[in-house]
Amino acid sequence: MLFLFLSELTGFIATEIVNELYVDDPDKDSGGKIEVSLNISLPNLHCDLVGLDIQDEMGRHEVGHIENSMKVPLNNGYGCRFEGEFSINKVPGNFHVSTHSATAQPQNPDMTHIIHKLAFGDKLQVQNVQGAFNALGGANKLESNALASHDYILKIVPTVYEDLSGKQKFSYQYTVANKEYVAYSHTGRIIPAIWFRYDLSPITVKYTERRQPLYRFITTICAIIGGTFTVAGIIDSCIFTASEAWKKIQIGKMS
């Protein structure tokens, strides 16, 4: 009985996470924007040359985005780590790290890189939720062709996490495919860049914290107590019946 009680108590205290899929925009109060966090190192490209460009199908075309961004020199100034927080519209588009915003274009920009972080929306740190919230974190392209462009094709999946209090966090998971290539046009080799081309999935994933209702816990405990007394009564009845039968056998032997 004690074991069953402790087992039910543990189940009542523990939080269960239920997931579901549906078609909708979960964060309608975002103004049609998604927050992006990017941290990338280019160990062979000077910070004066590194820039972030953003464009999408709504007509946005921003070259050299600098708001909420930081450049940290690496390798005695020969390299650069770019960290930026920016927003994108909820329409297909791209953002790319390039030298397009530099005053003078280098002859042979080296686009080898390491991606430390690429995440969208609110940060989720929930032990029981395993997802691709930073799928490109740790991507290492230091051994790639220095003159190659890199295309990362992202499929962004809206994700909602709702805790026991009903508070929601809006994040985004994503899948990724990538390729690298040296591009040419009729005028010669095209300046390489690191492209992140994205599109949004219409499917939303929702994780909801749930706990067993109190009435179910009480009902189960009552059932355990009732079942225990019932079993005890059956055992007692069996023992009593066996005892009476044994007494009759003993009386028969004596007579």
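1. Glu-162 is buried, with a relative accessible area of 18%; buried here means under 20%, exposed over 50%, and partly exposed in between (1.4 Å probe, protein chains only). Please keep in mind that this is a predicted model, where local features need pLDDT of at least 70, side-chain atom pairs count only at pLDDT 80 or more, and totals for chains, interfaces and linings use all residues. Residues are numbered from 1 along each chain as its sequence is written, and side-chain values use heavy atoms, with hydrogens and water left out.

2. Glu-162 has a salt-bridge partner, Lys-206, with the closest N and O atoms 3.2 Å apart. A salt bridge is a side-chain nitrogen of Lys or Arg within 4 Å of a carboxyl oxygen of Asp or Glu. The two sit 44 residues apart, Glu-162 in strand β10 and Lys-206 in strand β15 (residues 203-210). Strands are DSSP runs (E, at least two residues), numbered from the N terminus. Lys-206 also counts as buried, at 16% relative accessibility.

3. The whole structure holds six salt bridges. One of them joins Asp-25 to Lys-90, with 3.0 Å between the closest N and O atoms. This pair links distant parts of the chain, 65 residues apart: Asp-25 is in the loop between β1 and β2, and Lys-90 in the loop between β6 (79-89) and β7 (93-98). Asp-25 is partly exposed at 31%, while Lys-90 is buried at 19%.

4. Lys-155 and Asp-199 form another salt bridge, their closest N and O atoms being 3.6 Å apart. Lys-155 lies in strand β10 (residues 149-162) and Asp-199 in strand β14 (residues 194-200), so the pair ties together parts 44 residues apart in sequence. Lys-155 is partly exposed at 34%, and Asp-199 is partly exposed at 31%.

5. Do have a look at Asn-39 in strand β2 (residues 33-42). Asn-39 is buried at 16% relative accessibility. Leaving aside residues up to four places away in sequence, its contacts (heavy atoms within 4.5 Å) include Arg-81, Phe-82, Ile-114 and Lys-117.

6. Leu-21, Val-23 and Ile-203 make a nonpolar surface patch of about 290 Å². Patch residues have over 30% relative accessible area and no salt bridge; like charges are joined within 9 Å and nonpolar side chains (Val, Leu, Ile, Met, Phe, Trp, Tyr) within 5 Å. Areas come from the Shrake-Rupley method with a 1.4 Å probe, and for residues only the protein chains shown count as cover. Leu-21, in strand β1 (residues 16-23), is exposed at 60%.

How values were computed:
Helices (H or I, at least four residues) and strands (E, at least two) are DSSP runs, numbered from the N terminus.
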